[in-house]
Amino acid sequence: MGHNGECWRHLRRFTLTTLRDFGMGRKRMEEWIQEESQHLIDSLDSTKTVPFDPHPFPSRTVSPSCSATVLRFGSSPCGQLYNIFPWLMERLPGRQQVVFGQVDELRGFVMKKIHEHQETIDPGNPRDFIDCFLTRLNQEKDVSSSEFHYENLVSTVLDLFLAGTETTSTTLRYAFMLLLKYPDIQEHRVPQMEDRKSLPFTEAVIHEVHRFLDIVPLNLPHYATKNISFRGYTIPQGTVILPMLHSVLRDQDHWATPTTFNPNHFLDQNGNFQRKPAFLGFSAGKRACVGESLARMEIFLFLVSLLQHFSFSCPGGPDSIDLSPEFSSFTNVPRHYQLIATPR
Ligand code: HEM
């Protein structure tokens, strides 16, 4: 959804409503995620407590590995250059050409999925986002100004895919790394979803994972659509602005121990979960992440169901875990590590 203005507004509104209708926080989506959790549990069972690198996991089987490469590319110096000089990098040979190829491959995958949906759609009974978009596309097929046409369907699905898969699986991979580093956290596992007492702690852990990972430290680039005066400065129209999430997520005025992993950041004296205004891992304002509730729900359900089935350890013990990210520019990506999943 890199589009601005009208097109972006229509597609963003549609996306939010559709995701909400499929139950971000409600039943349908929860069932899908639980099905996925079961696949994960089965594949962890099949490791038979042999250490493995969780890197490809927990990306979904349907998520072609190329989306991982796209994220890694974004965090490399080469990717940084692309953000700043796209017109130049598109013309130079190099790794960026491989990434463009992979985005094309992913686009092909999305187009194939759309085609399958077109063949099997029952308009009265939408199965998912693509069905809803196709229905709207059909309703507005005679409206020449409609934003609901095929190209926008492909790019919206592609955007959701690129924005949603690697962010969530990278965060999960980092969450497991933190469980290896701080094994005590695993003892707080939620035995059952109804066990209310453990929930605030679990929520606090998940929020702290997001804060501590700081996955997109610089946020996405924005630009001033008109002249703005801000704290005595004038920001001229067209200025590129990087609203750094990193500086807020590590702000000494807002966090007791900004550079240490500490779930207490999100707990009050009575152990209740408390929201923090400086928790801006999903950004803020009208371009804030549309997938926040979905991502939170996925991470919560995956983490809780896996912790109910397994305890996690690593061959070298907690001291061998290096939490510092592999890249530290556009995205923070956790290092590779070995995971042992022992059935409880
Ligand atoms: C750990 C998980 C995630 C994190 C930390 C995250 C974070 C972010 C951030 C920081 C932005 C930039 C906001 C800005 O420009 O100010 C963003 C935008 C976006 N995210 Fe996420 N995200 C996550 C998961 C998801 C998921 C699961 C989806 C899809 C369902 C998604 C869809 C999007 C989209 C479409 C945008 C662009 C919104 C717009 O420009 O209107 N994200 N996300």
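Visitor: What share of the contacts with a separation of 6 or more links residues 24 or more positions apart in the protein chain?
Guide: The model is predicted. Its protein chain has twelve helices and six strands. Among contacts with a separation of 6 or more, those between residues 24 or more positions apart account for 70%.

Visitor: How many Å apart are the end C-alpha atoms of helix H10, and what span should its 16 residues give?
Guide: H10 covers residues 198–213. At 1.5 Å a residue, its 16 residues should span 22 Å. The end C-alpha atoms agree with that, because they are 22 Å apart.

Visitor: Which helices are included in what covers the buried residues of H10?
Guide: Buried residues of H10 include Val205, Ile206, Val209 and Phe212. His207, Glu208, His210 and Arg211 are buried in H10 too. Their cover includes H8 (150–181), H9 (184–187), H11 (245–249) and H12 (292–309).

Visitor: Which residue follows H10, and what is its phi?
Guide: H10 ends at residue 213, and Leu213 is buried. Next comes Asp214, with a positive phi near 55°.

Visitor: Is Arg250 buried or partly exposed?
Guide: Arg250 sits in the loop between H11 and H12. A residue needs 20 or more C-beta neighbours within 10 Å to be buried, and 12 or fewer to be exposed. Arg250 has 17 inside 10 Å, so it counts as partly exposed.

Visitor: Which residues is Arg250 in contact with, leaving aside neighbours within four places in sequence?
Guide: The C-alpha atom of Phe279, 29 residues along the chain from Arg250, is separated from that of Arg250 by 9.8 Å. Contact requires C-beta atoms within 7 Å. Beyond four places in sequence, the contacts of Arg250 are Pro258 and Thr259.

Visitor: How do the residues of the contact of H8 with H12 divide into nonpolar, polar and charged?
Guide: The axes of H8 and H12 come within 10 Å and cross at roughly 40°. The crossing is right-handed. H8 brings Thr167, Thr168, Thr171, Leu172 and Ala175, while H12 brings Ala295, Glu298, Ile299, Phe302 and Leu303. They divide into six nonpolar, three polar and one charged.

Visitor: Which element gives the largest share of the shell around the ligand?
Guide: The ligand has 23 residues around it, of which Ala163, Gly164, Ser283, Cys289 and Gly291 come nearest. H8 and H12 are the elements that give two or more residues to the shell. The shell divides into twelve nonpolar, eight polar and three charged residues. Its largest share, seven residues, comes from H8.

How values were computed:
Residues are numbered from 1 along each chain as its sequence is written. This is a predicted model: local features need pLDDT of at least 70, side-chain atom pairs count only at pLDDT 80 or more; totals for chains, interfaces and linings use all residues. Helices (H or I, at least four residues) and strands (E, at least two) are DSSP runs, numbered from the N terminus. Two residues are in contact if their C-beta atoms, placed from the backbone, lie within 7 Å. The expected span of a helix is 1.5 Å times one less than its number of residues. Axes are lines fitted to C-alpha atoms, for helices over the stretch in contact, and angles run from 0 to 180 degrees between N-to-C directions. A crossing is left-handed if the near helix is turned anticlockwise from the far one by less than a right angle, and right-handed if clockwise. Ala, Val, Leu, Ile, Met, Phe, Trp, Tyr, Cys and Pro count as nonpolar, Asp, Glu, Lys and Arg as charged, and the others, Gly among them, as polar. A residue is near a molecule or strand if its C-beta atom, placed from the backbone, lies within 6 Å of it.
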